[in-house]
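User: I'd like to learn how to read a model like this one, feature by feature. Can we put it on screen and go through it together?

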Amino acid sequence: MNWISNYVRPTINSLFSRREVPENLWTKCDECGTMLFHRELSDNLNVCTSCNHHMAITARDRFKAMFDGGIFSEVDVPAPVADPLHFKDQKKYPDRMKAAVKKTGEKEAMLVVEGEILRTPIVAAGQDFSFMGGSMSMYVGNAIIAAAERAIETGRPLVLFSAAGGARMQEGILGLMQMPRTTIAVEMLKEAGLPYIVVLTHPTTGGVTASYAMLGDVQIAEPNALIGFAGARVIEQTIREKLPEGFQRAEYLLDHGMLDRVTHRKDMKGELVTIIRMLMGMPPAVQGDLPAPEPVAEAEPAEPAK
Ligand SMILES: [Zn+2]
């Protein structure tokens, strides 16, 4: 049309977009400040290659890396009533939900799947902190119940990866009611004699820590994960005492008997398989590829006639 839209605007746009590209390719470690190339970081399961700081990873990315061949299938979760309280703060709850779905590409804060890790069948549930702080909603409650029911139906253990700031305030008492509901789901697994293993990731706090995230037969955490019920500042103000260093961190909880293991993300798969196979009375997993089949003896080629 004119030189402004044909020439000036594209030039300005290209200047800005050129500047954005390098920023997207690099991530700065929150802990040590090292700039990490995005490919290198995702290959290392979002763990800093320089200081081993465990950054957030979505449930889907974790499952892609954990399951054999990156293959798993999703378990259906019944959808609850949307926005029963017609909750509104600065934004309406349905609008917040829409924004979270758009941002994460997930339906809700909990993903339930089934598949095999080192040929060990499991059902797994993963909570996504990037979806409204991984908050415990009616859907999350339904997801845990669906996971437990699927595990019982197929005779598989349930492995749950937690990450949450607590119950979803937009669902009020209905969010809090998921504490007893999920506790019953865990109880169902125990009655069926199936292992329930919890992997606590950074951060797991609030009502989630007061229910399903602390009821595992084996409690594992990722290094330096923040795990607690109330925040450190609230506790300090209540007891009027300075809290020790590393309070509510995975290593502190391990030292004080709240956890069984603190495991690096790259070792998690192997460790889960070992624990599950021991608890399920299965033989140890074959690491790596299965041995190649014996070559079929071929008939000796006939000697060429002279
Ligand atoms: Zn680092």
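Analyst: Let's begin with burial: a residue is buried under 20% relative accessible area, exposed over 50%, and partly exposed in between (1.4 Å probe, protein chains only). Cysteine 51, at 32%, is therefore partly exposed. Two ground rules: this is a predicted model, so local features need pLDDT of at least 70 and side-chain atom pairs count only at pLDDT 80 or more, while totals for chains, interfaces and linings use all residues. Residues are numbered from 1 along each chain as its sequence is written, and side-chain values use heavy atoms, leaving out hydrogens and water.

User: Which residues coordinate the zinc ion?

Analyst: Donors are N, O and S atoms within 2.8 Å of the metal (3.2 Å for Na, K and Ca); water is not among the atoms, so sites may look incomplete. Here the SG atoms of Cys29, Cys32, Cys48 and Cys51 hold the zinc ion at 2.3 Å. Their spacing along the sequence reads C-x2-C-x15-C-x2-C. Cysteine 29 comes from the loop between β1 (26-28) and β2 (35-37), and cysteine 51 from the loop between α2 (38-43) and α3 (59-66), so the pair ties together parts that are 22 residues apart in sequence. Those labels are DSSP runs numbered from the N terminus: helices are H or I with at least four residues, strands are E with at least two.

User: Where does UniProt place the "zinc finger region: C4-type"?

Analyst: UniProt positions are in the numbering used here, with feature names shortened, and annotations may be inferred rather than shown by experiment. The unreviewed entry puts that region at residues 29-51. Over that stretch the chain is 26% helix and 13% strand, with the end C-alpha atoms 9 Å apart. The unreviewed UniProt entry also has a "binding site" at Cys29, Cys32, Cys48 and Cys51. They span 23 residues in sequence, yet no two of their C-alpha atoms are more than 8.7 Å apart, so they gather at one spot.

User: Is cysteine 29 buried or exposed?

Analyst: Cysteine 29 is buried, because its relative accessibility is 2%. Cysteine 32 sits in the loop between β1 and β2 and is partly exposed at 35%. For surroundings, contact means heavy atoms within 4.5 Å. Leaving aside neighbours within four places in sequence, cysteine 29 has contacts including Leu36, His53 and Met55, while cysteine 32 touches Cys48, Ser50 and Cys51.

User: What does histidine 53 touch?

Analyst: Not counting residues up to four places away in sequence, histidine 53 touches Cys29, Asp30, Glu31, Asn46, Val47 and Cys48. Histidine 53 lies in the loop between α2 and α3 and is buried at 16%. Its C-alpha atom is 9.9 Å from that of alanine 225, which is 172 residues away along the chain.

User: How many residues does the largest nonpolar core have?

Analyst: A nonpolar core is a set of buried Ala, Val, Leu, Ile, Met, Phe, Trp, Tyr and Cys residues joined through side-chain atoms within 4.5 Å. The largest one here has 40 residues, and those with the most contacts inside it are Met110, Val112, Leu160, Tyr196, Tyr212 and Ile227. Helix α5 gives the most to this core, with nine residues. Tyrosine 196 is in contact with residues including Leu160, Val186 and Tyr212, leaving aside neighbours within four places in sequence.

User: Which way do the side chains of strand β8 point?

Analyst: In a regular strand the side chains alternate between the two faces of the sheet. In β8 (residues 218-221), Val218 and Ile220 point one way and Gln219 and Ala221 the other, and all are buried. On pairing, two strands pair if DSSP finds at least two bridges between them. Strands β7 and β8 are parallel over four bridges, with isoleucine 197 partnered by valine 218. Two bridges also join β8 in parallel to β10 (residues 261-262), where isoleucine 220 stands opposite arginine 261.

User: What does glutamate 271 touch?

Analyst: Glutamate 271 touches Arg261 and Thr263, not counting residues up to four places away in sequence. Glutamate 271 belongs to helix α10 (residues 265-279) and is buried, at 15%.
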